[in-house]
Amino acid sequence: MNAQIKSVFFNDKNYNAKKQLFFAICFPFFTILALGIDSVTFNENYFDGRQITNFLAILYFFFFFWFSASYLRKLMFVMVFLSYIGELIFCTLLGMYNYRTIVIPLYVPFGHAIVYASGYVYARTDWAVKNDLSLKKYFAVGFLMLFLCVGIFLKDVFSLIFGIFFFLLLKRKKWQNLYYFIAICVIFIELVGTYFQCWKWIPKTFGLIPAANPPMGAVFFYAGGDVLLSKIVDYWKSKTIKNQF
């Protein structure tokens with residue numbers, strides 16, 4: 001078993017930078033296709049496409065995972081389980097949003113991993129690394145304007161509050177562009193998912209905080225999840241290396 005785990009998670013034999021980037025670039029197109037099939041409109045005019053979307057998401061995850069570097073594989077693998085726990089907390093327990101069915105879709109945890117992996121790959125492209133300092137400035141201004149605009153024009157108090165937490169977290173993480181790239185992917189999938197009515201955010205979070213559908217401040221929870229995700233993977237990596245000696 002240990003040999004199989006090492007082969008999958010600690011071996012870059014199948015790593016292919018071009019194919020890894022390919023799946024990251026195709027993320028927006030895949031998102032529209034997959035969520036479109038799970039949409040209310042598709043269900044009303046054709047049939048319930050949930051199982052097709054589940055299959056597509058798992059298949060896409062598998063190929064993205066297979067061609068990724070070993071560290072990203074570990075991140076994607078752990079993200080599936082971590083995101084499912086997050087769904088149980090934020091959706092089932094706290095009721096911050098609801099899916100079009102009572103059951104949390106199978107594709108969601110895999111989708112979270114694909115979102116994370118896409119942002120991770122974008123942040124490590126040559127272009128992103130080369131323009132790191134400039135991007136930090138543009139991203140900071142852009143996200144600040146985004147949170148303020150939705151807060152003022154859409155009365156999205158949720159985004160104003162958690163937008164502050166998002167920036168506080170970024171400050172702690174030295175304003176790494178990784179979090180901005182992941183946030184962009186999150187915003188995209190939230191806009192597509194709510195447009196197709198695959199899920200819907202509650203108008204007042206906890207019955208008190210006005211929120212748009214979707215609230216841009218949701219990016220904070222992904223960023224916070226990344227901090228926990230990185231710690232888990234780094235601990236896993238250190239324990240494995242330690243056991244080798």
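Analyst: A disulfide is counted when two cysteine sulfur atoms lie within 2.5 Å of each other. The model is predicted, so local features need pLDDT of at least 70 and side-chain atom pairs count only at pLDDT 80 or more, while totals for chains, interfaces and linings use all residues. Residues are numbered from 1 along each chain as its sequence is written, and side-chain values use heavy atoms, without hydrogens or water.

By the disulfide rule, the count is zero. Cys 26 is too far from any partner for a bond, because the closest cysteine sulfur, in Cys 185, is 13 Å from its own. Cys 198 is in no disulfide either; its nearest cysteine sulfur belongs to Cys 91, 13 Å away. Cys 198 has a relative accessible area of 0% and is therefore buried (buried is under 20%, exposed over 50%, partly exposed in between, with a 1.4 Å probe and protein chains only).

Next, the core. A nonpolar core is a set of buried Ala, Val, Leu, Ile, Met, Phe, Trp, Tyr and Cys residues joined through side-chain atoms within 4.5 Å. The largest one holds 74 residues, and Phe 64, Phe 143 and Phe 166 have the most contacts inside it. Helix 7 (residues 107–123) is its main contributor, giving 12 residues; helices (H or I, at least four residues) are DSSP runs numbered from the N terminus.

Helix 6 (residues 70–93) packs on helix 7 at about 135 degrees, with the axes 8 Å apart. Axes are lines fitted to C-alpha atoms over the stretch in contact, and angles run from 0 to 180 degrees between N-to-C directions. The crossing is right-handed: the near helix is turned clockwise from the far one by less than a right angle, anticlockwise being left-handed.

His 112 sits in helix 7 and, at 12% relative accessibility, counts as buried. Leaving out residues up to four places away in sequence, His 112 touches Met 79, Ser 83, Glu 87 and Tyr 222 (contact means heavy atoms within 4.5 Å).

Helix 9 (residues 132–153) and helix 11 (residues 177–195) cross at roughly 45 degrees, their axes coming within 10 Å. This pair is oblique as well, but its crossing is left-handed. Phe 143 of helix 9 and Tyr 180 of helix 11 are among the residues making the contact.

Conventions. Helix = DSSP H or I, 4+ residues; strand = E, 2+ residues; numbered from the N terminus. Parallel < 35°, antiparallel > 145°, perpendicular 65-115°, else oblique.
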